[in-house]
Amino acid sequence: MLSVSNLEVVYDDVVLVLRGLSLEVPSGSVVALLGANGAGKTTLLRAVTGLLVPHRGKITKGTVRLDGEDITGADPAEVVRKGIAQVMEGRRIFAEITVDENLRAGAFTRGSRTEVRESYARVLDLFPVLAQRRKSIAGYLSGGEQQMLAIGRALMARPRLLLLDEPSLGLAPKLVEQVRDIIATINHQGTSVLLVEQNAVMALSIAHSGYVLETGKVVKDGRAAELLADSDIREFYLGAGPGERRSFAEVKSYRRKKRWSA
Amino acid sequence: MERVNSLLSVRDLTLRFGGVTALDSVSFDVDRGELFAVIGPNGAGKTSIFNCLNGVYRPQQGSITLDGRSLLGRPPAAVAAMGVARTFQNLGLFGHLTLVENLMLGRHHLMRTGFFAGMFWWGRAKREEITHRAAVEEIIELLELEPYRKMPAGMLPYGVAKRAELGRALAMEPRLLLLDEPVAGMNLEETEDTARYLLEVRRELGLAMILVEHDMSLVMDLADRVLALDFGVAIATGKPSEIQDDPQVVEAYLGGAR
Amino acid sequence: MGAYRNVTRGYADELRLFGSPASRVGLGILVVGFLVLPTVVQDDFWLSVLIYVGITAIGAIGLNLLTGYCGQISLGHAFFIGAGAYVAARIGGEIGLPLVVWLLAAAAIGAVLGGLIGPFALRLRGHYLAIVTLGLVFIGEHLWRNLTGLTGGNSGTPVTAGAAIGPVDFGALNLFGESYSRNQGWFWLVWALVALVALLAKNLVRTRPGRALQAVRDRDQAAEVIGVRAGRYKIGAFMLSSAIAATAGALFGSYQQFVSPDEWNLLLSIQYIAIVIVGGLGTIFGAVLGAIFVGALPALIDRYSDAIPGVQASVGGEGFISVFTLNQALFGLLIVLFLVFEPRGLAGIWLRIKAYFKAWPFSY
Amino acid sequence: MTEFLQNCFAGLALGSTYALVALGFVVIFKSTGVINFAQGGLLMLGAYLGYTFSNNLAVAFAVAVVLCCASAALVGAMFERIVLRRMVGQPPFAVIMITIGLLFILEPAVTAIWGFDHKQVSNPWNIRTVEAGGIVFGVRDLWTIGLTAAVVAAFFVFFRYSSLGLAMRVTAFDPEAALAQGISARRVYATSWAIAAALAALAGILMAAGPGGLTPSIGGIALAAFPAMILGGMDSPAGAVLGGLLIGLAEALTRGYQDQLFPWAGDNVSVIVPYVLMIVILLIRPYGLLGTKEVRRV
Amino acid sequence: GGAGDEEQSGGGQAGRPATTAGFDGSTIRLGVLSPLSGPIAVIGQPLTEGNQVWFDHINSRGGIAGRYKVELVQEDTQYQPDLTVQQYNKIKGDVVALTQVLGTAPTLAILPLLKSDRMIAAPASLDAIWVREENLLPVGAPYQIQAINSMHHYLTEGGGNRNSRICTMVQDDVYGEAGQEGVEFAAREMGFQVVNSQKFKVGTENYAGQIGALAGARCDMVFLTATPTDAGKIWGTAAQAQFTPRWYAQSPSFVGALTKSAVAPYMQRYVTVAAEGTEWGDRSVPGMRDMLARVQRFAPQQQPDYYFVFGYNQARAMTAVLEKAVENGDLSRDGVLKASQEIGTLSFDGVGGDYTYGPAATRNPPRSTTLFSVDPSKPFGLSTLKYGVTSDAARKFQFQKADS
Ligand SMILES: Nc1ncnc2c1ncn2[C@@H]1O[C@H](COP(=O)(O)OP(=O)(O)OP(=O)(O)O)[C@@H](O)[C@H]1O
Ligand SMILES: Nc1ncnc2c1ncn2[C@@H]1O[C@H](COP(=O)(O)OP(=O)(O)OP(=O)(O)O)[C@@H](O)[C@H]1O
Ligand SMILES: [Mg+2]
Ligand SMILES: [Mg+2]
């Protein structure tokens, strides 16, 4: 469904952040995107949705295709209309309006009022807390509540492809599980998902396939099960297997600074 | 029950926003040098506790004392001067200032230079800048922030920004350190780093800390005691291992993931 | 790359204002330019333009401390400029106290008046505060028109404040057997003061109080939590900025020798805002650059208008647009183009140039 | 009593003009988060366009009004096309300055085309009056009040039934996040500038059709409308209308009675009454009468 | 006549002055500092045109003393004091004197510079404070005189008496204050009361309040000091409110365009304008006849306008000074300054009142005012109601120096 090939992105005309990155999100699948801070995950999502402009970023090479159609550098509003919605990094909810209005802003591109009402009901169903706080000003919600709102808002667009930038950030463990289930459900209902996560356990447990990003390049990719089994991934993202986790209290004061590239 | 070694003592703290009760008669103590964790579902009131301690929110009821002196009713800056430092859940760095300047701001309440002295630079202002800069450099070294010194905080990578915030809080030379989700959004490696810094800080400075965190493995590994909140109500307090198995906590917070 | 560049022998070294050889060369050029310029450019027109520019630069530094560094927009700058001018008229002119006294008195009174905004600064935010300060301009104008004893009312007042420091009279300078014109003397006086105010401001913003101002600008709640009393600094910024504005106003009045209430209007305030934004918010250097741009560009266009086609140089003359009209339109156009190209203002362009040279052989 | 009512009527008429201008401010503030300093310039442009339509092209006055609003709207939208779209996501300061730049362009452009001299707009109202119950109503004033009421009503209906209002607010708050919801910031900006320009033009032509005729200083009224906008709350259209009327009334009444009420305050104190009123109200309500409080949380 | 020095730089000769700043031996350059754009340009432009037409006329006869052509150096001041200072500095080395400086504040701003440079300037406003300034060369009867004579006319021929309810409406600036001062002086001299005074800010949008207050005070007569934009609105509001006192308006309140507005009928019935000289097109006055001929010749597109007349008169006064200076053989600043004190009484042939110059301390400005009624059929929309009113009170009025 989404295919990114050989993408290069430059910020401020000088900072080269993506260096020839290629990636596929097959129709109907969940793809996990892992990578250290600053690897360029968010930048990739921005490049897909056309949101580089406000950050003084530019695509200098490569293409982004949605179902074969070239959407490289398209207008963001246009991209949303074509069925891509995203949960932005840092939540970015509209703090000064109510929860309810935030959700309705998410449905801006949709025509049918009845469908919007359906989605609305579904979101409140997924996040009962939001139903309680419907009339509250979104900015006063707790961090986790805001995260739920951000996910709910993206769902309101009823996208064909959902881009999630660290959806589990700041959520309570129980909720992380719920979000994982929600993603799975959405996916079952036909939405493809590109999931950027630091919580690799969570991401790989629902993903069909995954990519690992390192300084703007894909350094590893494969089916989720393969990645889960990979020893490097276990060491750096999963903290070894269940039961054999080493305690944070016993971390050595030196680290193995291994990287795949460089 | 009075604790012998208590630094912070919170009693019957109640905070309401219109119809929402964010905190409902919460009480707890934090001992000197203790690492005290607060957990609970989203919206349980963890950040609100910090906001009450800091003087950002005015609770409707209850008392907060630090070393026997009440914190209630004091403006945030006064609380800071009494030795309470904090990191923020959504990053509270000053985006246009460099990392060094952010850390120097942590030392604001330890410095004296006013408008006049600052303008004239030579003399006290200069001496003060230099001595405090040295203190800040120690923290930079401790947290391995050297490469980012002159970078505007707004441009720091997320993990570094979180570390810088910790640095700024440490620069305040606090007696009590409040950490609001210090490892949210970090990968395993960075989480390990942060854990290491926290332990180091604790070992070297012997600070009392309150840690709010959803990463249960971190909480379980580091905390001396844990307070679990749900809907503003304290549902359990105790050793991490006790809390982990508390059915109420499992039900409200941990779910299957513990 | 370039790690060796950061080698310093201590923090004191790093804290020096003119640490690098390049900046020292720049400083040297500026000093020489300052000393020599009035003897080369003896033209009273250009000198008077530059004197007004210098006075404006001082005022703009004040506004930039408030708006650029502390994040409080003020449309009331004209009010404080006016107040300063009247202080010069009364204390420097009527009572006849010397330069240093009336400058300091203007600053002190400016600070007190700035403090009056305190209650509003504490309660109001952003644009609301800006419009309240706008109200100050109108209320001020009413006062200036009615407090005839102080301001001369509608007819204005002469300002006879002298510009002498001890035996050195900048109004009629006699140095080493040479005598210099009033405009030459004033050029030196004003630009020396620009340098002084810029230095003080620069020192301020790199020390504790200046950092606190910027923290309040970026996030006032977080600033409170780490121990910065945001309210105090907001008021402090208002007081400081209006003290500097009043100083500039006092110089303005004394140089012009006459002031009237029509001069302290909203347009003047807007001009100052334009200067700090065009120059670049949050840079001292930018305020000076902005003042030069806003003050000297119209003069330049005016001077060379005959060479521009379509411009009407005299009444009934050829052309469809008068010099001033063209001037104003061009000015507007340049502002728009500038900001579209570089929203960080002139200082931003300067930074870009520097970054370009630093990174030079390597792009990316 | 009649005198009082007469003054109230004058206040309402003046207040309606303020309300139109303030509404323009609010529309732009709501969608971009900046104060539009060019509003006075747009008003001036609208008034002169109206003059050209009505006098030079000699179309019926009603047609001229519609044409001048439409063409001003076009200018507003063009401004977005040429300039503002490049400013999406840039700091509000820069955008404010751009509106100031626009003002500096509009004013000389208008005077270069139409000159500085006094112009009389042909119009059916002039100084005609009707009388009722001892009070004299200026026909133009009645129309001003009526048209303002109609425009305001249309405005509220429009916002009630279109999602544009919400789109504007979220765009102002976070243009990038708004884009990510599929809300085209450009379209929002273009629409709001068009609306604001049309409102300004309407206010301009209504003023120019009065007894004083038309001179380039007509844009100055935008300054007087600042307090109206602030007093009502910068992001509240209803507040703009309320603020406009309040300021208009306060101004007219102090003018009528300043000799009796505050002779000590100087002869011309009514000029500053709007500002004093604004300041007092802001001290009590820091976000105006109907404005939204800024949300800050740590 | 003067001493017969050698013709050299440094020393001049009677009738053959030495070159100096602004004079290259053949052309005399004079400065004009006026708002040539902006709202006040409607005044600055015709004034400057008036200067120009007069000097075109002089030049067509060979120039000053039949020999030296006059050239104007025009600079736009925007009516702002600080710009005026800059522009003054720009041209001061290039002109012999300033034949026009427009605006009270701009003139006051350059006054100290004029004094230290020993330059003279002709201010283009009717402020009374100019009369006693050595460096200024005013023309015309000051505003106070217009106001006093207006009151005189109202009490004698305008249907009013001492018990009439006399009011004022003045704008909140120096010009307004001058009118107010004149009326108050008249009140003391002629023994009437001012029952109500309204002030307004220039550019006010709505005058209902003031008109209401005046109507409430049952004024029989209102003396108005305003500029045309405001005056139009004021009379429009009054007409709407059906408030119909006798209006006397200071000359700058009126502009021909007002007679094309809907307020014209009201003005025709109730408004009297006080100004100097005669109506535009009145060929019975010799000065006006000449002026019309010169306008026809040098500026045929010029619309009737009394600022034009004012500028024309200014240029005349300046010409007299220059003639004198040339006669003295000294066009230097000191020479011109000296010449300005030696010219005695100057007649403007009925286009303006005769002005007695000489040393500033003994100058005597004209004391006469012509009252006009509004008449849309006339070229400038005014027809003479009463020519050359000179009241006793106006004669008595004392002019003070601007206090510093
Ligand atoms: N606006 C910008 N201007 C310049 N550089 C930028 C900008 N935004 C991001 N970068 C740089 O691009 C690199 C990649 O950033 P990006 O945000 O895509 O990383 P990420 O993988 O999403 O990291 P994280 O896990 O912290 O969210 C970083 O080094 C960052 O410093
Ligand atoms: N200023 C406020 N106004 C209104 N409601 C508030 C305010 N601050 C907090 N709340 C509400 O109080 C409750 C507790 O919020 P708090 O931020 O303390 O939660 P938290 O435990 O930190 O949650 P999270 O883990 O998601 O950060 C939430 O429901 C929140 O919406
Ligand atoms: Mg990211
Ligand atoms: Mg929280």
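# Close-up views of a predicted model

View 1. The UniProt annotation "transmembrane region", from an unreviewed entry, covers residues 12–29, 57–79, 91–116, 142–159, 188–208 and 269–290 of chain D. The model shown in this and every other view is predicted. Residues 57–79 of chain D are 83% helix and 0% strand. The C-alpha atoms at the ends of residues 57–79 are 25 Å apart. Residues 91–116 of chain D are 88% helix, again with 0% strand. For residues 91–116, the end C-alpha atoms lie 36 Å apart.

**View 2. Magnesium ion (ligand 3) and its donors in chain A.** The protein donors are A:Thr42, through OG1, and A:Glu89, through OE. They lie 1.8 to 2.1 Å from the ion. A:Thr42 sits in helix H1 (residues 41–49) of chain A, and A:Glu89 in the loop between strand S6 (84–87) and helix H3 (99–106), so the pair ties together parts 47 residues apart in sequence. A:Thr42 has 15% relative accessibility and counts as buried, because the cut-off for buried is under 20%. A:Glu89, at 35%, counts as partly exposed.

**View 3. Magnesium ion (ligand 4) and its donors in chain B.** B:Thr47 (OG1) and B:Gln89 (OE1) coordinate this ion at 1.9 to 2.2 Å. The pair links distant parts of the chain, 42 residues apart. B:Thr47 belongs to helix H1 (residues 46–54) of chain B. B:Gln89 lies in the loop between strand S6 (84–86) and helix H3 (99–106) of chain B. Both B:Thr47 and B:Gln89 are buried.

**View 4. The open sheet of chain A.** In chain A, 6 strands line up as S6-S7-S8-S3-S9-S10, with mixed pairing. S6 and strand S10 (217–223) are the edge strands, and each pairs on one side only. From one strand to the next, the twist averages 15 degrees. Strand S3 (residues 30–35) and strand S8 (residues 192–196) run parallel, joined by 4 bridges. A:Val31 stands opposite A:Leu194 in S8(A).

**View 5. Helices on the chain A sheet.** Helix H6 (residues 143–155) of chain A lies across S6 and strand S7 (161–165). H6 runs at about 180 degrees to S6(A). Helix H7 (residues 173–188) of chain A also packs on the sheet, where H7 touches S3, S7 and S8. The direction of H7 makes about 150 degrees with that of S8(A).

**View 6. Where chain B meets chain C.** Here 41 residues of chain B are in contact with 33 residues of chain C. About 3,400 Å² is buried between the two chains. Carbon and sulfur atoms give 67% of that area. Which residues of chain B lose the most area to chain C? They are B:His108, B:Phe115 and B:Met119, together 22% of what that side buries. Elsewhere in the assembly, 8 pairs of chains touch, and chains C and D have the most contacts among them.

**View 7. E:Thr27 and its surroundings.** E:Thr27 is found in strand S1 (residues 27–34) of chain E. The residue is buried, with a relative accessible area of 17%. Beyond residues up to four places away in sequence, E:Thr27 touches E:Gly22, E:Lys69 and E:Glu71. E:Gly63 is 36 residues away along the chain, and its C-alpha atom is separated from that of E:Thr27 by 8.7 Å. Chain E makes no contact with chain A, and their closest C-alpha atoms lie 37 Å apart. No contact joins chain E to chain B either, with closest C-alpha atoms 31 Å apart.

Terms used
Residues numbered from 1 in each chain as written. Chains lettered and ligands numbered in written order. Predicted model: local features only at pLDDT ≥ 70, side-chain atom pairs only at ≥ 80, totals over all residues. Heavy atoms only, no water. Donors = N, O, S within 2.8 Å, 3.2 Å for Na, K, Ca; no water. Helix = DSSP H or I, 4+ residues; strand = E, 2+ residues; numbered from the N terminus. Buried < 20%, exposed > 50% of the residue type's maximum accessible area, 1.4 Å probe, protein only. Pairing = 2+ DSSP bridges. Axes fitted to C-alpha atoms, helices over the stretch in contact; angles between N-to-C directions. Contact = heavy atoms within 4.5 Å. UniProt positions renumbered as here; feature names shortened; annotations may be inferred. Buried area = accessible area lost by both parts, 1.4 Å probe.
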